[in-house]
Amino acid sequence: MLLIHCPYCEEERPELEFRGAGDAHILRPTNIADISDEEFEAFFFLRDNVKGLVYERWRHIHGCGRFFNAARDTVSDKFVTTYKAGLPRPDLSPAPKATETTVETYEATEGVAG
Amino acid sequence: MSGANRIAGAGRLTPARTARFTFDGKSYEALEGDTVASALLANGVHLVGRSFKYHRPRGILSAGAEEPNALIDVERDAARKQPNVRATVQEVFDGATISSQNRWPSLAFDVGGINNLLSPFFAAGFYYKTFMWPKAAWEKFYEPRIRAAAGLGVAPTQADTDHYTNRFAHCDVLVVGAGVAGLSAALAAAETGARVILCDEQPEVGGALHYDKSVKIDGQDGFAWAQATAARLAAMDNVTVLTRTTAFGYYAQNFVVLAERVTEHLARPDRKLPRERMWQVRAKRVVLATGAIERHMVFANNDRPGVMLASAARTYLNHFGVAVGKKVGVYTANDSAYEAAFDLHRAGVRIAAIVDNRAKPGEGVLAEARSLGIEVLTGHSVIDTKGHRRVNSMTIARNGGGGKRTIAIDALIMSAGWTPSVHLFSQSRGKVAYNAETGQFLPGTYAQDCLSVGACNGTNGLQATVEEALAAGELMARATGSKAGGKVEIRAENAFEWTGGMAGAAEGAGANDNVKAFIDFQNDVCAKDIRLAVREGMHSIEHIKRFTTNGMATDQGKLSNIHGLAIAAETLGRDIPKVGLTTFRAPYTPVTYGTIINHSRGELFDPTRKTPMHAWEEAHGAVFEDVGQWKRAWYYPRAGETMHEAVSRECKTVRDVAGVFDASTLGKIEVVGPDAAEFLNLMYTNAWDTLKPGRCRYGIMLREDGYVYDDGVVGRIAEDRFHVTTTTGGAPRVMNHMEDYLQTEFPHLKVWLTSTTEQWAVIAVQGPKAREIIAPLVEGIDISNEAFPHMSVREGKICGVPTRLFRMSFTGETGFEVNVPADYGQAVWEAIWARAEPMGACAYGTETMHVLRAEKGYIIVGQDTDGTVTPFDAGVGWAVSKKKTDFVGIRGLKRPDLVAEGRKQLVGLKTKDPTVVLEEGAHIVADPNQPIPMKMLGHVTSSYWSSNCGHSIALALVAGGQARMGQTLYVPMPDRTIAVEVTDMVFIDKEGARLNG
């Protein structure tokens, strides 16, 4: 079970207290009624399925109830950082690669093998 | 003497303390502390099971958790019956009923053994290739038969009467494994004052000290030192020592889960005790001291009963006092087997020969063997064995040819070296690295705050292990801020350091496709199967694993992984690390479901929510239905009434007189703040700023994609205060949906949301006499039709307690919904009932509520809509404001597909035969005579018998439905086709006179 740092409670709490809420930093257009089909498609339907660092929204639903943002690595499943809703996307350098002397298990190489 | 093979003076069990158990109906004597395996061996029983695929006779291979063969069924009674237990870890208790598995009719004569003769046809991938066609036969014929033939144990048919418990624990340092390394690490950590948990899967600490009698620690016998050290640790306030406790899963952020077997070894356990206790441990630091597992040699017919690991034979001798044979052969590629031979020799067992696959064994062990007079054949291999139910000979040959001879034996012990147990390290997402020199996968890059010490870290030498463990224990403890204590020093010595080890097939395992040199005993995978898999094009180790099932048995490849990998690498002509390792997964050893499910069963499986009036409803004979977690009164049958009769009566009574209904489960959200109206304007399709305080409105909530998400009546209590109601099932998600927009999209709005679902009890009073019923009870509110018209809300008092009184209706009748604080719910209900009953009104349940609302064409979100329905499709397009420039879903509603012609729209249906009630979910077609598959126009969403209408009624989603009024459509059923007429959705009181009366 992951521990997730709530930026409002300023505490690490078990993941059972939290619920994911999809991608972060997708701004709902203020003129949403007037946007084109293509713009609506991009806003509402199209999402990347990133291998690596993703920016997500989470809610501390069984805690303070606040929505916040998190940067998480989808390969290691590690939360790199969490930050309050409304703050800009933090600049994070990519996670270090495993050294060459280690042996990858199948999972880690999945999708890479030709 | 408990068993003919027990050697007087050997082992650590007490001869006087005996226990009796049965194995396949025959009674045996054991000693307290025996495992089922040691007790059977003491009694000369080697044949204990049949293999999975070939049904070959199998014996006891190991003395530990890695056992693939000796799986048994342990029975206390019909409900407490556990299949697939490893005989090597199950402790004997007095009165235990043990049975072998996967044999019919008996262990010694098993009909399935024919598979062994047919084995040329059962090569790897056989099932995939042979049973492909015809497709239908797979489900009906092949699979059931294969499953029946290849089954392991049989699951009990009765519910488990044991109970299980769970603990959360936090510690500074968790030490997994209590052998020399684990005990040393725990001691060093504990001395700093750190909070330490030490766990070990065995009944007693000691690990390898169970078999290695040569070890002296601080001048004391190794095993005795281990027990004394564990006692010393257990006496410390900051230490918890857990035996019979397996760390089976290592998850993120040092979250390690342990299974403690509390009563499994007891003859008559106190039923108050849990059978197992799950420990969910969050450790600041983890020390892994999980040891290593000895590998078997891969050669022809290496699976006969009596063939076992050298360390196992040594454990049975030195710990249990049992000799595994009288004339024992040794086949090895590693020095450790020599020490087993020496101990057996000294105990009076004849060692037939030590056959060493290597040209150069360790010098120390070789010299010792010679001085004891044991024949050593270096550069030789065992190329075959004989013996049906127990091995009776081994055939050996010189590597490279010649020197072939057959030696009579009654047991054969073997060692191909040691595989470090990196399972938990790997589960922690650490990356292993291959050490070409020792041929071992060892911890490489750590992903979490843990360290591996001792054999699981590939550390050689006892003193080196102790020092590494002491350093790691202290380092990890200091890292958590523990400051007490000084250095711990331990001096340890043993007889020999071990060299050697091999992976893959030994000489004599042959490239011959008929030789059965087993790698994975439980799944019957041989060396030849791996080669075949590679030849057939499987180049990834994962594909080889799936194709051959190597490592997929309950032992999860503890013995077989490295052998399989080495053979694959050799066949592929690649280095072992280039072939890669399959992923280790939790659990390390099988964990019973009871432990994982724990308390979450029966009444505790899911919380039950009851309304404030539940007790009254129960007392008045209500039948309840589950709506989410709620128990809702479904209908109130009178003596002799069927459900149909009760519902018909309730429906008639509400329209003719009145009815009282418990609507407390409706979701309720208090929306407060200066911007509350603006916020609701954004959340609902309707306009809320135009709603006057004291009035209500039916609101539709959409998702951003334009589909209906929820609905409900919203009352404006004051300029800045709204009482929002949601569907019963939708309350939590609507609250979440509102919070989401308020916090992240519209944070500039000054609004506060509070869930008040459980704060209000809601009593709906509906029907022509509703006003008369409540009138004398209400204070401070004029409830006349003029002063309090339909869709109004007032605050006042009822029965002397505060109320929010709504004039609203989900029945089409004059209706009131009385909201009172939950604690007053039952008292107010009873007061209303005391007036309603003498007037001839009834209490009604959810089924009647459903019928009455359908008679009026009121939709239920989630029943008449399914997440692809717009307000216009559902016939409530009037609720969508045309003036607003924004609300959630405004853009979605304009999507081309949502405004296209021919969408499914909600309509009413009347069956041509008024007595026929349609089935909800039934499909609707235009032409019942078209060929199958027919073109479906839609489906029935709600359908009831209406006693008020005198005919059945239904709602349905039908393509272009609103343009089909009056058309005849058809509902094809398996036994007949039902003709229906498309109508509007209101079946009763179309002009709404009753509603506004």
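The questions below concern a predicted model.

Q: What makes β17 and β20 of chain B edge strands?
A: β17 (307-309) and β20 (376-378) of chain B each have a single partner strand, so one side of each is left without a neighbour in the sheet. The strand order is β17-β24-β18-β19-β20 (chain B), with parallel pairing, in an open sheet of five strands. Neighbouring strands there are turned by 20° against each other on average, direction ignored.

Q: How do you know that β19 and β20 of chain B are paired?
A: Pairing needs at least two bridges between the strands. Three bridges join β19 (residues 350-356) of chain B to β20(B), and the two run parallel. B:Val355 of chain B stands opposite B:Leu377 in β20(B).

Q: What makes helix α7 of chain B a helix that packs on the sheet?
A: Helix α7 (residues 310-318) touches β17 and β24 (411-415) of chain B, where a contact means heavy atoms within 4.5 Å. The direction of α7 makes about 85° with that of β17(B).

Q: Which residues touch the most other members of the largest nonpolar core?
A: Of its 86 residues, these are B:Phe21, B:Phe23, B:Met297, B:Tyr316, B:Met394 and B:Ile413. Membership requires burial, which means under 20% relative accessible area. Not counting residues up to four places away in sequence, B:Met394 touches residues including B:Val330, B:Val355 and B:Leu412. A second, separate core of 50 residues includes B:Val256, B:Ala300, B:Leu565 and B:Ala566.

Terms used
Residues are numbered from 1 along each chain as its sequence is written. Chains are lettered from A and ligands numbered from 1 in the order in which they are written. This is a predicted model: local features need pLDDT of at least 70, side-chain atom pairs count only at pLDDT 80 or more; totals for chains, interfaces and linings use all residues. Side-chain values use heavy atoms; hydrogens and water are left out. A nonpolar core is a set of buried Ala, Val, Leu, Ile, Met, Phe, Trp, Tyr and Cys residues joined through side-chain atoms within 4.5 Å. Buried means under 20% relative accessible area, exposed over 50%, partly exposed in between (1.4 Å probe, protein chains only). Helices (H or I, at least four residues) and strands (E, at least two) are DSSP runs, numbered from the N terminus. Axes are lines fitted to C-alpha atoms, for helices over the stretch in contact, and angles run from 0 to 180 degrees between N-to-C directions.
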